[in-house]
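Dear colleague,

I am passing on a structure for you to look at. Please have it open while you read the notes that follow.

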Amino acid sequence: MGNPLYDRLFGIHAGKDTPFLHLPDGQALTHAGFLDMAARFANALTGLDLEPGDRVAVQVEKSAEALALYAACAQAGLIFLPLNTGYTAQELNYFIENSGASLVVCDTAHETGLAEAAQRNGARLETLNSDGSGSLSRRALGMLPAFEPAHRSEDDLAALLYTSGTTGRSKGAMLTQANLLSNAETLVQAWRFTNRDVLLHALPIFHTHGLFVATNVVLASGGSMIFLPKFDLDDMLRLMPQATTMMGVPTFYTRLLSDNRFTRELTQDMRLFISGSAPLLADTHVQFEDRTGHRILERYGMTETNMNTSNPYDGERRAGTVGFPLPDVELKITDPETGETLPDGDIGIIEVRGPNVFQGYWQMPEKTAAELREDGFFVTGDLGRFDEDGYIHIVGRGKDLIISGGYNIYPKEIELLLDEQPGVLESAIIGVPHPDFGETPVGILVPAPGETPDIDAITVRVHHAIARFKHPRQLIVLDELPRNTMGKVQKNILRENYKDLFAKT
Ligand code: MLC
Ligand code: AMP
């Protein structure tokens, strides 16, 4: 039976002394060296009594070892559960409990904070730090650099990725080996990746974009990555001449354009720039072409589906659109009320079906049934339309969601927290335009009768409870929220009133 994910992404590189990761210290790790590291980790994991199908929750900084842990989970048949490094202990407790993780891997700095949550949920706790040290690495170092891959089928789960929801509770999207493999292999073809490509990789590796789109595509094509711990403008400019491709969220592109050192000459050896995870302004697309001569290739995806659409490699890359459905991906635009397919040109909800679409939310059958139709179409919650040439335009969201620098923020989660605060009657979180992050959350608070909410104290509690990127950038007190005749809060009015809060001056 084998192990298709391991065999087709990792095993194919056995024995190759070609570079895979160019690391910040100037060293390169070869494909063979990476596989040795992964096998040692796989031995360490099974040495902890983990068995195929167990969940491994991982909140660690980006490093070669962190990526090897992903490979090790594939090799040992474990379900990889990567977590944003910004999550607080309170948020992590939920993920550990909900997933029933058998092992939690974290930075030594967070070990004490997580010990209780791990113990309460019967999970083991091991550490892995950004420099590769930690208790899990120590175990791995004592192991053999060889591991017989666990038998798995394409239908077995490979990863569980948590994504927040409009009800405020995060849901674990179940992704099979086939979901990941089909998408990686499709994207290699669509974007013409080869073993000569060098990808400038500055994305985090706890999300679909940096982990599956970027890493799996490079693995499937046999190329290499300049593996940066995070986006740093100076590093990007310095290393761009050594790369052939880059993937980024729109903030990467606006930050690059904000620097005069980013020129046509600097990008002359680049073959392809890809953008996604949030809308790329048509203006950014145009400015980028004016400055560099390159047309950014925009694509559209989700945690639940990997990539759905892409602008063409050879044809026109149309600014403000996300291109066409990928091969084998069906996409339709439906009426939000009836679910009926709408005529081309009409705006409706984007639904997708294909080998990329996930299997449902971990142990949440009702939520799965609400979004994944029996015929296999997934209701994305994004609003879109086809233009006359078949390009898909994303024109908005049918779901209450804010995307800040490529990170999703669900207002409901923050509103529930604000509503609990002393002196607060109710609240609304809105997304307003932000020059760097695209959008940023702002909180509107309505005081309980006769009370004055203590904004400083509320801010401290919010900071303790939720990750930094979700913090409202400003809290504003209003006597009441605007409502329509049905009593529904009119967020559109609030968004309009505060749209210039962070406008460029
Ligand atoms: C960091 N901060 C953010 C933030 N990232 N706040 C809001 N939104 C963000 N995205 C916090 C930092 O902790 C810091 O807090 C402060 O904001 C300013 O930090 P910074 O130094 O300016 O930010 P930086 O670390 O440079 O990060 C910005 C970024 C990063 C845009 C480079 O967020 C990033 O790499 N985003 C990519 C996200 C991504 O991969 N998304 C893909 C999801 S998958 P303080 O307290 O220190 O001031 C998906 C599917 C698909 O959506 O289609 O791809
Ligand atoms: P996530 O849940 O983090 O995977 O985020 C998925 C969401 O990001 C989608 O539902 C879209 O709303 C948004 N998204 C991803 N790519 C694009 C894009 N190219 N343009 C606009 N929105 C995008």
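**Salt bridges, ring pairs, a helix and a sheet**

At 44% relative accessibility, Asp 389 counts as partly exposed, a term for values between the limits for buried (under 20% relative accessible area) and exposed (over 50%), taken with a 1.4 Å probe on protein chains only. Before going on, please note that this is a predicted model, in which local features need pLDDT of at least 70 and side-chain atom pairs count only at pLDDT 80 or more, while totals for chains, interfaces and linings use all residues. Residues are numbered from 1 along each chain as its sequence is written, chains are lettered from A and ligands numbered from 1 in the order in which they are written, and side-chain values use heavy atoms, with hydrogens and water left out.

Asp 389 forms a salt bridge with Arg 318, and the closest N and O atoms are 2.8 Å apart. A salt bridge here is a side-chain nitrogen of Lys or Arg within 4 Å of a carboxyl oxygen of Asp or Glu. This pair links distant parts of the chain, 71 residues apart: Asp 389 lies in the loop between β18 (378-386) and β19, and Arg 318 in the loop between β14 (306-310) and β15 (324-325). Helices (H or I, at least four residues) and strands (E, at least two) are DSSP runs, numbered from the N terminus. Arg 318 is buried, with a relative accessible area of 18%. Both residues belong to a network of salt bridges that links Glu 316, Arg 318, Asp 387 and Asp 389.

The whole structure holds 27 salt bridges. Another of them joins the side chains of Glu 415 and Lys 491, at 2.6 Å from N to O. This pair also links distant parts of the chain, with Glu 415 in helix α13 (residues 411-419) and Lys 491 in helix α15 (residues 491-497), 76 residues apart. Glu 415 is buried at a relative accessible area of 8%, and Lys 491 is buried at 12%.

Arg 238 is exposed, with a relative accessible area of 52%, whereas Asp 235 counts as partly exposed at 22% relative accessibility.

Next come the aromatic rings. A search of the whole structure finds 19 aromatic pairs. Rings of Phe, Tyr and Trp (its six-membered ring) pair if their centres lie within 6.5 Å; planes under 30 degrees apart count as stacked, over 60 as edge-to-face and the rest as tilted. Phe 273 and Phe 288 have ring centres 4.9 Å apart and planes at 70 degrees, so this pair is edge-to-face. Phe 273 sits in strand β12 and Phe 288 in helix α11, 15 residues apart, and both are buried. In the pair of Phe 324 and Tyr 391, the centres are 4.3 Å apart and the planes at 45 degrees, so the pair is tilted. Phe 324 is in strand β15 and Tyr 391 in the loop between β18 and β19, 67 residues apart. Phe 324 counts as partly exposed at 26% relative accessibility, while Tyr 391 counts as buried at 5%. Ring pairs also link Tyr 6, Phe 10, Tyr 70, Phe 80 and Phe 212 into a cluster.

Phe 288 leads on to its helix. In α11 (residues 282-292), the buried residues are Thr 284, His 285, Phe 288 and Thr 292. Seen down the helix axis, these buried residues fall within an arc of 100 degrees, so they line one face of α11; the arc is that of the directions from the helix axis to the C-beta atoms. They pack against α10 (250-257) and β12 (272-275), where contact means heavy atoms within 4.5 Å. Just after α11, Gly 293 takes a positive phi of about 85 degrees.

Last, the sheet. Four strands form an open sheet in the order β16-β17-β18-β19, with antiparallel pairing; two strands pair if DSSP finds at least two bridges between them. β16 (330-334) and β19 (392-397) stand at the edges with a single partner strand each, so one side of each is left without a neighbour in the sheet. Five bridges join β16 to the antiparallel strand β17 (residues 348-353), and Glu 330 stands opposite Arg 353 in β17.

Regards
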